[in-house]
Amino acid sequence: MRVTNNMILRNSSYNINGTKSSVQTAMNQMTTQKKIEKPSDDPVVAIRSLRLSTSISRVDQYYEKNIPDAESWLEVTETALTNMKSLMNDVRTQCVNGSTDTLNQEDRNTILKQLKALQTQLFSEGNSDYAGRTVFTGYRTDKDLVYTSDESTTSYTIDQNFSYEDIESFRYYTGSVAIPNTADEVLNNDIADISEADYSRLRLSYDKIDAMSSFSYTTKDAQGATTTATVDLTAATDVTGNNADGSTFTYQTATATDETGAAITDADGNARTMYVFDSEEDWETAFGGKTVSDNDIVLIKENGNIVLGNSVTSELKTNKSTISTTYDRTGFYEGELKPEYYFNCTNTTDAANPVKYKKYNEDGSEVGYDINYIVANNQELTVNLEASDAFNSDIQRDIDDMITAVSNAISAHDKIDTLTAMKSEAQYSSEEYQTKLNEWIEAAQKEADYADDHLQKLYSSEIGKVDSYLDNINLAITDVGCTCDQLSLTKTRMSNQQETLEELQSENDNLDLSEIIINYTAQYNAYQSSLTAAGKLSGMTLLNYI
Amino acid sequence: MASSFFGLTIAYSGLNASQASINTTANNISNVQTDGYSKQTVNLSAASALRAYQRYGSTGTGVAVDSVTQVRDTYYDEKYWNNQSTLGLYEKKLYYMEQIQNYFTDGTLTTNSGAGFSTIYSNLFTAMDSVKTNAGSSSSRNELLSKAQELCTYFNNAAQQLQDLQSSINDEIKTTIDNVNSISKKIAMLNKQINIIEMEGGHANELRDTRANLVDELSKIVPTTVEEKEVKNSNFSDQYTGATYYTVKINGQLLVDNYEYNTLSCVSREYKYNQSDIEGLYDIVWTETQASFDPTATNMSGELCAMFEIRDGNNGENLTGRVTSSSSNTITITNPSTTDIDEMNLPDEGTIWVNNTEYHYEGFSCETDENGNIISYTFNLTKPLTTDEQAGIQNKKLVIGDTVDFMGIPYYMNQMNTFLRSFCEAFNSIEQTGVDADGNAMGSVFVAMNKALGTEYDMTDALVDTLTGTAKGTTFSSDSNTYYKMTATSAAIADACSDPDHFATHVASETDDGVDAYDLIDKLLQLQSKTELFRGGGGDTFLQCIYSDITVDTQECEIFTTNYTSISTTIDNQRMSISGVDEDEEALDLIKFQNAYNLASKCISVLAEMYDQLILQTGV
């Protein structure tokens, strides 16, 4: 073939261009250390790189954000629970103190003071927050668990359910010594006779309730069929009672009906009746003593006690019944738990816009407000612990009972002290007064003895309860601990995974520097030699020789 | 006896011939770097012998310069031109494919490009995961919404870039067509000049080179075939007139007919062919007849075809169907090729081809089955149909726009639209079951902006009820507020969502479950990869699908560009091997002809001496 100078030039320029583009590719690889510049260079590498980046960004989120976040959250929870445990231990100490039978007035005062302080402190730990988010309140992280100040206008309608196992026996005392103020009263006033009665009761989680709208109990038989008896308290009849001083009070009565609306009666044909009293005093006055007939139920609004007649009790226990109540309460106090964390309830403070809360489903199962963090692929971790899982709302009512018991004991002993002091007063120095005052002192002593007895018995039974509450808290602490352990395992795993993925991506995307340099050098040499070759072509033709 | 002065004439002819040869050599050397220049040679022949009434009969009369012709083999020209159009096709496609590829490349791949789809998409879900852990915080929801906004912006930008590219290709088409016209005009003029020269018996070497150069240029734009026929005297069929008849055809259609030439012109489309096309795309017609010139027809190649394929390529996914009924102003088709609203890519007013006739519609309505699939389209025509036309189109295949079987800009636009529609629909339908932080029912988060009116389409005419999952209606039209309105250009975050509290993390519930409830976020998180959204995969595979599409074409273009470039180089080498000027050869020619000249001069001086001897010395 005929070869012309231009062909040679054209060819060498084509070749130089080829080597130059290889040098450019190698140069690019050297400066970026990446295998490819654009997806079409190697789609497999490109697509794998996309997948790996997505995985890495996910693992980064787990490892660098979610896990540390969960750790801090759990730490706050654990600290709060530990604090709560030590407060609960303090309550237990007071129970132990109160259950000893050698208490003097000072001891009782100390117990009272301590308990009152503990009552407000106990749940303040429940408001613990992590970065402004309350940890024990489920999804309501922007709300407190307990009231931080008294809210006198806040009102709720609360649905509280009990099981027959919640029925406990409790001692009620009729009569109390009213200290005579004048000589005349010393002689002429009746000296109250104190008597003790033991009844079964259900205790509402709140005292000082406004009203109860319904009380019902459901029994499930062996076949699974249920029968429900209801007391519709909205249709209760008002009854007026007379106090000894001539003033009057009102209480309500209503009867229980079955599903068909028929009244439930005992063997004698008496309808099962529920009485609603404002206070224990009204109950005592109305019935001439704190008594409840076998077929009756008494509700004391002041302390939220539902006292059950004996046959009612045995019926509920035998049938393993569940009991439902609905009641209203207005005014909540500092340190009290907000009802929404324990019960289905409605906040009716703004009557026009009631806010409903749900804690239990229709079938009685608990609605979980679990905050789940994704801490690894397909692995979710519940970081939050709901208040109802760690501490029982009964604790406060137990402390209430304990406070009432200790203050009753204090006041009973005060009465003895007052009467004993009266005895040494000049105006009561006569035999008649002395005898009468001794009778008074005897009565007061009886009251004090009952009070001491109640105090001691109550406190020793409370030790058991507090222990079970402590168990709950300990269990919760253990749970949190386990979650922490699980999290730290996941954390190690994620750290490894992050490293592995990054390594994989680097392997996929990046070139080994030594490889690039060798490659670059080879390409550059090829370029150099093509240039050298082209340089030699220049100029010399036959024309130069003629 | 031989003529006394005859030798002078012979020697003179030698001088002349050498002079002409030296001149031609000089011309060759001067044009050694001229593009398209073919080496010229002087054709010499022994001059006609003179009859001498002698024993030896006749005597040579010296040398004659017959012609100066170029050394050129049209066989290589033809091969070169064939190759050029294929090379032009792939080179041009590669150029544009690399740009498209560049728009989609994700920053994680190389260090120098910005964040791409995959990065933005996984950022969205990372932000969503943060909302899951802290649903009550408006800052985390705000973060999520701004990531969602980024996703929209990404698609808006990508669409904008593709449309800009479409527009610049469109401009380039116009320039290219102007170029084709100017080439055809020049060729026609050259044909005339060449014939004028050659009918006189000359050789229009330079003009022929120029003409071949023009065809070189033209063949890269469109497939070009050239025919040159000698014109014989019509009365004496064996008599060659010296003239040639030169025709140039592009893709089989006559462009230059000897002295006459046709021109092409660009006509702006009245109606868009694909939904996301820009306005005013050009179609090409023959200026004279207004007949259409189809640059994407079968056997088409060249840069023009590449530009049209990139500009109009919809991978043949434009709507087709069979006409089942028509009235004076509507045409209804069934068995449509597109049954999913997410994949619809027909413009809201456009062009219908049926029975080889072009009709236009100004809106359409669709009928859907219980699953929301489209079973028929009815087009509202701009001009009424006659009854004959109605009968004629019955049962005929109907095509919307143009079927261009290449994955070009409309294809990628439609892929983005399809992805966005199914993603936004899934996202919105989850959101719509919830309530925002203020307890108000949640609407669409992703909406389509009506740029002209500044209003939002929130897709409330959705075909399927988001709450029940059942089909809501059986018809919708091009004006309905449906996901058809959502495109990569129009996707946006609802204005209402500029308030981060207007975002639902929780289903509507009659109870107050707290600010951190996140059940909807759990569902939204499924969208990242678990919900089937795009081409049978999760949302995160979108870019992977696009990568593989682009890669297939780009790699094909790369490979073929390399192949055809090397073929082109080879052919060009062969061509140059024949017609190229070689300096050494020319130098040899110089020596050769100088020598010949010297010898001829020598003859003259010898003859001069002879005359001197004869006239002055002899017999005086």
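How much area is buried between chain A and chain B? In this predicted model, the area buried between the two chains is about 5,100 Å², and carbon and sulfur atoms give 52% of that area. On the side of chain A, Arg2(A), Leu50(A) and Tyr139(A) lose the most area to chain B, together accounting for 14% of what that side buries. The size of an interface is often expressed as the accessible area lost when the parts come together.

**The interface between the chains**

Contact across the interface involves 55 residues of chain A and 62 residues of chain B. Between the two chains there are 35 residue pairs in polar contact, counting pairs in which both residues have pLDDT 80 or more. Four elements of chain A, namely helix 1 (5-32), helix 2 (43-99), strand 15 (355-357) and strand 16 (372-376), each supply at least two residues of the side that touches chain B. Helix 2 of chain A gives the most to this side, with 14 residues. Sorted by class, the side of chain A that touches chain B comprises 21 nonpolar, 16 polar and 18 charged residues.

The count of salt bridges between chain A and chain B is 7. One of the side-chain pairs that meet in a salt bridge is Lys356(A) with Glu510(B), at 3.5 Å from N to O.

| Side-chain pair | Kind | Distance |
|---|---|---|
| Lys356(A) and Glu510(B) | salt bridge | 3.5 Å |
| Ser393(A) and Ser205(A) | polar contact | 3.4 Å |

Ser393(A) lies in the loop that runs between helix 7 (387-390) and helix 8 (394-423) of chain A. Is Ser393(A) buried or exposed? Its relative accessible area is 12%, and Ser393(A) is therefore buried, the cut-off for that class being under 20%. Apart from neighbours within four places in sequence, Ser393(A) is in contact with Ser205(A), Leu337(A), Tyr342(A) and Phe343(A). With Ser205(A), the side chain of Ser393(A) makes a polar contact of 3.4 Å.

**A sheet in chain B**

In chain B, 4 strands form an open sheet in the order 5-6-7-8, with antiparallel pairing. Strand 5 (224-232) and strand 8 (260-261) of chain B stand at the edges; each has a single partner strand, so one side of each is left without a neighbour in the sheet. Strand 5 of chain B is joined to strand 6 (residues 240-250) of chain B by 8 bridges, and these two strands run antiparallel. Glu227(B) has Thr247(B), in strand 6 of chain B, as its bridge partner.

How values were computed:
Residues are numbered from 1 along each chain as its sequence is written. Chains are lettered from A and ligands numbered from 1 in the order in which they are written. This is a predicted model: local features need pLDDT of at least 70, side-chain atom pairs count only at pLDDT 80 or more; totals for chains, interfaces and linings use all residues. Side-chain values use heavy atoms; hydrogens and water are left out. Contact means heavy atoms within 4.5 Å. Buried area is the accessible area (1.4 Å probe) that two parts lose on being put together, summed over both. A salt bridge is a side-chain nitrogen of Lys or Arg within 4 Å of a carboxyl oxygen of Asp or Glu. A polar contact is a pair of N or O atoms within 3.5 Å; within protein, one must be able to donate a hydrogen and the other to accept it, and residues adjacent in sequence count only if both atoms are side-chain atoms. Ala, Val, Leu, Ile, Met, Phe, Trp, Tyr, Cys and Pro count as nonpolar, Asp, Glu, Lys and Arg as charged, and the others, Gly among them, as polar. Buried means under 20% relative accessible area, exposed over 50%, partly exposed in between (1.4 Å probe, protein chains only). Two strands pair if DSSP finds at least two bridges between them.
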